[in-house]
Amino acid sequence: MRRPACSTSLLPCQPARHKPRWVRGLGLAMLLCVGLAPHGAQAAQSAPVQSAHSTATLITDSNTAQADAPLHAALRLQLKPGWHTYWLNPGDAGDPVALTVEASGALAGQAQTITWPTPQRIRDASLMSYAYTGDVVLPVTLQLHTTSTPDTQGQVSVHAQANWLVCEQACIPEEGNFTLTLPTGAPQPSAEAPLFAQAAQHTPVKAPYKVTISPTGVLHVQGAELTGQSVADAWFMPQERGQIAEAAPQRLTFDADGLSLHLKPTDEFAKAAPLTGILVLRDPSGAERALNVQATPQPLAASPELGPASATASATPAQQDVLPVAQQAATASLFHSIVLGLLGGLVLNLMPCVFPILAMKALAVARMGQSERKHQKLSAMGYAGGVIVGFTGLGALVMGLRLGGAATGWGFQFQSTMFVGMITWLLFAMALNLLGVFAFLPPALSASTQHRHGLVHDVLTGLLAVVVASPCTAPFMGVAIAGALAGPPLSGLVIFAALGVGLAAPYVLLAFSPALASHLPRPGAWMDYLRQFLAFPLLGTCVWLLWVATVESGATTVLLLCAGMVFMAFAAWVYGIAQKRQRLAGHSRGCTALYGVALLGLLGAMALLPALQQLAPQPATSTPALPNGTEPFSTQRLNALHAAGKPVFVDMTAAWCITCLVNERVALNTTATQAAMARYGVTTLRGDWTRRDPAITEFLQHHGRDGVPFYLFVPAQGDTVVLPQILTPGLIIGTITPPHG
């Protein structure tokens with residue numbers, strides 16, 4: 001008689017003389033084989049749910065189930081190459097796996113809390129995801145107990161329902177229902193038990209260190225052994241999405257107590273709550289250690305943010321060699337921003353709002369004779385001082401509001417209906433002044449035919465130039481402002497001062513350079529006509545501001561503003577009559593009543609301010625009309641389109657942004673550009689920042705900008721492209737055209 005082949009039995013082969021025992025062994029082996037079959041009555045692995053992208057099964061680490069003992073079950077996803085699924089916090093896009101497991105029959109229990117292994121970080125352009133690839137095992141633990149009506153056959157049915165998202169360039173939701181049956185008995189490791197052990201090796205352990213988080217997002221890990229020699233890299237993945245900018249760099253620094261990761265908090269960051277997540281430490285050999293951490297919030301004063309002196313003192317010798325390079329880079333970046341600020345300020349002189357002011361100052365220089373050179377220089381210095389103080393003050397206000405938690409960007413003041421209304425009236429009054437209706441003089445000086453504007457007038461003119469220039473973002477201005485608001489406060493104020501110097505420079509050069517002033521035309525009647533002509537650009541600006549107010553708060557606002565302009569015009573007309581009578585008579589007697597009537601007209605306009613305040617802009621409740629192929633912007637829509645493999649063009653604009661409106665007319669809304677967008681399947685997402693919108697403010701700041709216009713192209717594959725602030729059709733078409741398109 002031949003011996004049976006050893007491969008047919010799960011037990012050791014026995015000699016032929018022990019036939020009865022061999023028969024029993026063979027029978028037991030056959031029984032076990034039947035028990036492990038996928039469609040048998042008993043199994044530690046369910047029947048698979050298959051798709052073109054994954055194979056899913058429910059597995060257990062034991063062939064049996066026992067009361068009062070934990071049973072480990074898991075969803076096993078075998079993903080095709082290039083595909084991934086998501087962690088508890090999927091990051092910037094995606095949804096986590098959901099799993100519910102329930103046992104019934106002889107024993108009962110339920111679980112849905114996954115013991116998550118450490119995910120991978122997957123960067124896609126400007127987005128960061130936390131995901132799994134390959135063979136993924138996601139365990140849950142069931143605490144089993146006997147039921148009131150136990151199964152007489154001693155069987156336990158394990159049912160599971162799961163939902164998961166698999167993504168490559170496109171994302172596909174999948175789901176499955178799984179069932180397997182186990183006998184009761186002492187725990188017996190299953191063939192899938194090694195998969196649970198492997199998953200446990202990749203599961204984070206509790207951190208042995210004290211971990212804190214500062215209000216500014218500095219995660220500090222206290223451990224004397226955490227030095228530059230033992231930790232080559234580190235990163236943090238928060239358990240809750242939306243707390244930090246997932247794709248932002250996490251700068252690693254060391255001090256005497258341990259290491260710090262400089263995270264970038266979002267507006268939803270809870271400064272007073274613990275921050276939970278996974279901290280991964282990588283040593284110089286490449287080995288990684290994943291730690292579950294719960295960072296304790298710390299007050300700002302106690303956060304371990306190092307100043308330049310302490311950072312240098314605590315740095316290792318190798319890091320100290322790098323510090324001078326970093327300082328040189330920071331200095332070069334500051335110098336670059338200052339140069340851009342100067343250029344941006346110079347270009348602002350050509351903007352429709354600012355040009356009339358510069359032209360008026362140039363006319364004042366042309367009128368002055370050589371004997372008035374001293375007054376000319378003082379006037380230029382006063383104007384420059386007003387411009388520089390205005391820019392630095394407005395910049396400090398924006399930085400202060402942002403430090404206080406407000407979602408504020410450059411040009412935010414034009415999101416206030418009352419501010420827009422007051423600027424409209426001020427420019428209208430300036431236009432009336434240029435047309436000769438009245439002069440900006442107090443009654444006491446109106447009788448004098450020889451008068452000069454004082455230093456206060458020059459300073460106020462400089463402040464006015466800043467106010468009307470702030471929405472006119474020039475080509476070199478956006479990067480400089482972003483750098484000013486993102487850097488240290490002192491550096492930021494220097495950059496804003498540079499903007500002011502650039503804006504004031506032309507008038508200062510004219511006043512201090514006789515050679516330049518000599519090239520100006522000689523005074524004559526033409527100056528009066530030019531002065532009157534300059535009123536019309538200001539009136540055109542008033543019309544534009546009325547449209548901005550309409551977009552922000554509706555037609556009622558325009559009625560109030562126009563009523564105020566009527567009051568202002570009446571007050572200016574009466575005030576001008578009083579000035580002329582006083583100048584002819586040489587005294588102010590008999591003009592008091594006229595000045596009183598003019599004051600009543602001005603007060604009538606001011607009485608409308610409370611009504612304007614009540615019409616403050618509110619978030620849009622309806623979607624504005626958009627061109628074909630253009631949708632309202634939202635971060636969720638951007639992520640969804642990108643996850644679906646579609647190219648996206650992001651257009652951040654505002655009704656009060658002149659550069660934005662020009663770009664729309666000459667570049668974005670042209671036939672050639674729209675045809676290219678349709679040909680390459682590009683979806684345009686337009687964000688309207690006319691009203692206050694914290695989501696748009698956060699998006700701008702996430703990309704290093706603090707104002708509009710801002711243009712971003714997110715291709716289906718590859719890196720995102722930030723376009724310049726001045727667009728042409730050729731530039732847009734060249735950007736959106738695929739490499740092989």
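**Strand β2**

I started with strand β2, residues 54-60, in this predicted model. 7 of its 7 residues are buried, so the strand is largely enclosed by the rest of the structure. Buried means under 20% relative accessible area, exposed over 50%, and partly exposed in between, with a 1.4 Å probe and protein chains only. Strands (E, at least two residues) and helices (H or I, at least four) are DSSP runs, numbered from the N terminus.

I then checked the two faces of β2. Ser54, Ala56, Leu58 and Thr60 are buried on one side. Thr55, Thr57 and Ile59 are buried on the other. In a regular strand the side chains alternate between the two faces of the sheet.

Local features need pLDDT of at least 70, side-chain atom pairs count only at pLDDT 80 or more, totals for chains, interfaces and linings use all residues, and side-chain values use heavy atoms, with hydrogens and water left out.

**The sheet around β2**

Which strands does the sheet hold, and in what order? I read β1-β2-β3-β9, an open sheet of 4 strands with antiparallel pairing. Two strands pair if DSSP finds at least two bridges between them. The edges are β1 (49-50) and β9 (135-143), each pairing on one side only.

I went along the pairs. β1 and β2 are joined by 2 bridges, and a hairpin connects them through 3 residues. Gln50 has Thr55 of β2 as its bridge partner. Thr55 in turn partners Gln78 in β3. β2 and β3 share 7 bridges. β3 (residues 70-79) and β9 share 9 bridges.

**Cores**

I looked up the nonpolar cores next. Such a core is a set of buried Ala, Val, Leu, Ile, Met, Phe, Trp, Tyr and Cys residues joined through side-chain atoms within 4.5 Å. The largest has 42 residues, and Leu75, Val101 and Trp164 have the most contacts inside it. Strand β11 (residues 155-167) gives the largest share, 6 residues. A second, separate core has 38 residues, including Met430, Ala605, Leu609 and Leu612. In soluble globular proteins, nonpolar side chains tend to be buried together.

I listed the contacts of Val101 (heavy atoms within 4.5 Å). Leaving aside neighbours within four places in sequence, Val101 touches Leu58, Ala73, Val140 and Leu142, among others. Gln110 and His159 are also among its contacts.

**Salt bridges**

How many salt bridges does a search of the whole structure find? I got 4. The criterion is a side-chain nitrogen of Lys or Arg within 4 Å of a carboxyl oxygen of Asp or Glu.

I checked Asp651 with Arg686, whose closest N and O atoms are 2.9 Å apart. Asp651 lies in strand β22 (residues 648-653) and Arg686 in strand β23 (residues 683-688), so the pair ties together parts that are 35 residues apart in sequence. Both residues are buried.

Glu288 and Arg282 meet at 2.7 Å, N to O. Glu288 is partly exposed at 48% relative accessibility, and Arg282 is partly exposed at 29%. Arg637 and Glu631 meet at 2.8 Å. Arg637 is partly exposed at 32%, as is Glu631 at 25%.

**Surface patch**

I found a nonpolar patch of about 470 Å², made by Leu435, Trp526, Leu530, Phe533 and Phe536. Patch residues have over 30% relative accessible area and no salt bridge; like charges are joined within 9 Å, nonpolar side chains (Val, Leu, Ile, Met, Phe, Trp, Tyr) within 5 Å. Helix α13 (residues 525-533) gives the most, 3 residues. Leu435 sits in the loop between α7 (417-434) and α8 (443-446). Leu435 is partly exposed at 34%.

**Helix spots**

Gly492 is in helix α11 (residues 489-512). Its relative accessible area is 1%, so Gly492 counts as buried. Gly395 is 97 residues away in sequence, with 7.8 Å between the C-alpha atoms. In helix α21 (residues 694-702) I noted Ile696, Thr697, Phe699, Leu700 and Gln701 as buried. Gly704 follows α21 and has a positive phi, near 75°.

**Whole chain**

The chain has 22 helices and 25 strands. Of its 741 residues, 45% are buried. Areas come from the Shrake-Rupley method with a 1.4 Å probe; for residues, only the protein chains shown count as cover.

Methods: Residues are numbered from 1 along each chain as its sequence is written.
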